[in-house]
Amino acid sequence: MRKQKFLTGMLISAMAISAMTANFISVSAASISSAGSKQVVSGNSRVVEKKEMPDVSIAGSNELGKMQGVAVGNKMQRSSANSVTETFTGMLEAEGDTTYLMLTLAPGEIIQATLAGPNDASINYDILLYTVNDGNLGTCVAGCGLDTYLNEYPDGETKSVEDALSYIHTGESNQSYALFVLASSGCSDTEPFSLTVSIDEEGYYDAAEPNDNPFDAVAITTGQKVTGNNLNVSNDQDWYVWQVPSTIYGVSMNLSESSYAAEIYYAIDDGSMVLVQPESSGIYKLGSGYYYIRVHNDSDNFVSSDYTLSFQLYGNTASKINVAFNGDQGSSKVNYGAGSYYRAKSKISPVVTVLDSSGYPVAGQSVTLVWQSGCWSEGSGNFERTQTLTTDINGKAAFNLSLPPAMGSYSYVGGSAITFEHYYDTAAFGVFCGNVSNTQPMYHFAYSSYDSLSDSRGVN
């Protein structure tokens, strides 16, 4: 950094210490380079839209099986006494082929289905739920037609987001349904699909259902905490959509239930969901637009539980710098007759927090501490000290800057029975981040001496 003197001359009075700050801002800020631009998610971060589902028929399909209702059958991975979860596999050997599963829902019951198709980017399978009346196919009441996009997950697995649906039967009597798997694009006669279906009773799924895919995602607002929702069965997945404003640089997430996982996605034009990978700090860098949060079970030993999903937001532009001062002479201010200021002898260790205009921390930002003497000349080698750090996940940077010795240009006498004379120089420090700064005058302590009757000693 090019050193620049911000004092116009030697300060001859300790009262002039407060005037140092103005010059310090105007000169030192120009010598600090602004923070580099942030890398954010690229792509079309738009809200996904449901695509029109093709017509299917029972007559042209093979029956995959029959799903036993909650009142009978083998009950597995229960959230309630009367829930059931079963997994079916099959293959679709030609594009456009379908297969279906018959099931019946009682009033208030919910079906939740997840489909994992062949792990091939050229193959898309969809799921659709139809009513069935007297053996005839009725209305399509739910569906999911995400296109395949192979994401690489932190555990090393490469796969596409599962197609999923949930539907609550609101009728007053039992209703038959047919759940279809459709080879909408491509097919495989060697790699099977896996269809997991759960039926649960009213009172055990949460009020946000149905929200098991991005098309039915529940909208949340910036800074909102999600509470009171649960995963009621092992294949339940809750989706949320958040329109990220341009003022937000990134986010970290905290999910209260350790056996569940939360992921962030954005949508691209073909209806695919692209996984956003966090940095090593745990921050997801986001551009403005729509993003989707998926909460799902991440354990082989599923337990239904309420969860809380909270977010720590990060700003993208520094607006304010808070300074918690510390140094080898402590963190309290002293008054040597020129006002109350911090003092240090050979080291200052301020911890700074960089915030945006909304009070959110600004992480990953270059921030520089500059200290300048009001007594040493610019060519002395003791005029200026600097240190540059990067703010952490909390927008903080902890400095540790060594200072040259003070000359003891000024003194201040204090005390009563014992008289102390404190010798010091004038100085100032400033913290700079982009176009924002926090500058303060300070005392650069040299030494003290005291008189007690005839005794006069120097004190470091």
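The residues that line the largest cavity divide into four nonpolar, three polar and no charged, in a model that is predicted.

**Exercise 1.** Determine which residues line the largest cavity and what volume that cavity has.

*Solution.* Begin with the count: the structure holds one cavity of 30 Å³ or more, and the volume of the largest cavity is about 30 Å³. Next, list the lining, which is made up of Ile 220, Thr 221, Thr 222, Gly 223, Trp 242, Phe 311 and Leu 313. Finally, sort these residues by class, with Gly counted among the polar ones, which gives four nonpolar, three polar and no charged residues.

**Exercise 2.** Work out the order of the five strands in the open sheet, and explain why one side of strand 12 and of strand 17 is left without a neighbour in the sheet.

*Solution.* First, read the order across the sheet, which is 12-14-19-16-17, with mixed pairing. Strand 12 (218–220) and strand 17 (273–276) stand at the edges and have a single partner strand each, so one side of each is left without a neighbour in the sheet. From one strand to the next, the twist averages 35°. Then turn to one pair within this order: strand 14 (residues 237–244) and strand 19 (residues 289–297) run antiparallel and are joined by eight bridges, and Asp 238 stands opposite Val 295 in strand 19.

**Exercise 3.** Decide whether Met 273 is buried or exposed, and find how far it is from Leu 150 in sequence and in space.

*Solution.* Start by placing the residue, since Met 273 belongs to strand 17. Its relative accessible area is 2%, and the cut-off for buried is under 20%, so Met 273 is buried. As for Leu 150, it is 123 residues from Met 273 in sequence, while the two C-alpha atoms are 9.1 Å apart in space.

**Exercise 4.** Describe the linings of the largest pocket and of the second largest pocket.

*Solution.* Take the largest pocket first, which has a volume of about 670 Å³. Among the 31 residues of its lining, Lys 159, Arg 294, His 296, Asn 297 and Asp 298 are the closest to its centre. Strand 16 gives the most to this lining, with four residues, and by class the lining has 12 nonpolar, 11 polar and eight charged residues.

The second largest pocket holds about 240 Å³ of space, and of its 17 lining residues, Leu 115, Ala 116, Gly 117, Ser 160 and Val 161 are the closest to its centre. Strand 4 and strand 5 (124–133) each supply at least two residues of this lining, which divides into seven nonpolar, five polar and five charged residues.

Technical notes. Residues numbered from 1 in each chain as written. Predicted model: local features only at pLDDT ≥ 70, side-chain atom pairs only at ≥ 80, totals over all residues. Heavy atoms only, no water. Pairing = 2+ DSSP bridges. Axes fitted to C-alpha atoms, helices over the stretch in contact; angles between N-to-C directions. 1 Å grid on protein atoms, 1.4 Å probe; cavity = no way out; pocket = protein on both sides within 12 Å on 5 of 7 lines; lining within 4 Å. Points joined across faces, edges and corners; volume = space filled by probe spheres on them. Buried < 20%, exposed > 50% of the residue type's maximum accessible area, 1.4 Å probe, protein only.
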